[in-house]
Amino acid sequence: MTQAEIFQALVSGLALGAGYALLAVGVVVVYSATGILNFAQGAFVLIGAFTTYQVGVVWGLPFLVAALASLLLGALLSMLTGMTLLRRFSKKAHFPAVMATVGLLFLVQALVAGLWGDEARDLGDPWGLRVVKVGGSVLALSDVWTAVTGAVLLVAVFALIRFSPIGLAMRAAVSDEEAAVAQGISTRTVTVFAWSLGGALGAVAGILLAAGASGVNSTLGIAAFAALPAMVLGGIDSPMGALLGGLFLGVAQQFAILLQSSVLEPLGAGFPGVLPYLILVVMLVVRPQGFFGTRAVRRF
């Protein structure tokens, strides 16, 4: 394993991890505000990728216009989903709500497969299959752009949550809902914001995961389940933990692929795809609250 291969795996892992991180942060934001573990996030991954394909490739509009349309559509549909279909579930009705989001994911996946088919399609992103040489490493330009774009967006999201009035309102409502209401904070506004932000992040994650050689296909929605190991690793109520967990899993998967033909060959060709869930199981046994999550307090 050469230094060039290590650097290539690191950049590819950060690019993959950026997609996982955006997906996981979107799920954590919704969970923190509503108590619902939103596997329908995978539906917005599909909406983001296929809307970008439809607007940018089929209709021939600029890629940035297509990406913006995907982001806005993901935010709108997520908000409508949260305020209509899932509004009837209280914070205590966790299991029915989770099952509803899983059902919605598979419904959207079936609709996407019916409309666009199962074959992979070129997203039409500007960087495509081009490569760039950095020292002795040959990097896919899509990986570089994905890592940079993901980093910029994640910084923007954390700045929005940390410093904007709506972000401060959401943090206050999550910390103490009754006190927030007493201070005049609208929990409905916070919920609308959380669902909209989650849907937008899911759509962007879909674009990033489909960039370059990956292509757009109807199985992208299953990426939502890859967000679960990232959330558990970092802490299910910690956006920063979800970010770090997503990046770690992306890098770990790429290094597992790099080592597949040598060290990890006895574990089988599918081991890199299984690795995040193996980490999930170990984390649930060793530290269920994650590295940055809040530890549950039990009173007897």
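These legends describe close-up views of aromatic rings and of one leucine in a predicted model. Local features require pLDDT of at least 70, side-chain atom pairs count only at pLDDT 80 or more, and totals for chains, interfaces and linings use all residues. Residues are numbered from 1 along each chain as its sequence is written, and side-chain values use heavy atoms, with hydrogens and water left out.

**View 1. Trp127 and Trp145 form a stacked ring pair.** Rings of Phe, Tyr and Trp (its six-membered ring) pair if their centres lie within 6.5 Å; planes under 30 degrees apart are stacked, over 60 edge-to-face, the rest tilted. Here the centres are 5.5 Å apart and the planes meet at 10°, so the pair counts as stacked. Trp127 sits in the loop between helix 4 (94-116) and strand 1 (131-134), and Trp145 in helix 5 (residues 141-163). The two are 18 residues apart, and their pair links distant parts of the chain. Helices (H or I, at least four residues) and strands (E, at least two) are DSSP runs, numbered from the N terminus.

View 2. Trp127 is buried, at 12% relative accessibility. Trp145 is partly exposed, at 42%. Buried means under 20% relative accessible area, exposed over 50%, partly exposed in between (1.4 Å probe, protein chains only).

**View 3. Leu168 lies in helix 6 (residues 165-175).** Its relative accessible area is 41%, so Leu168 is partly exposed. Leu168 touches Ile161, Arg162 and Phe163, not counting residues up to four places away in sequence. Contact means heavy atoms within 4.5 Å. Leu168 and Ile185 are 17 residues apart in sequence and 9.9 Å apart in space, C-alpha to C-alpha.
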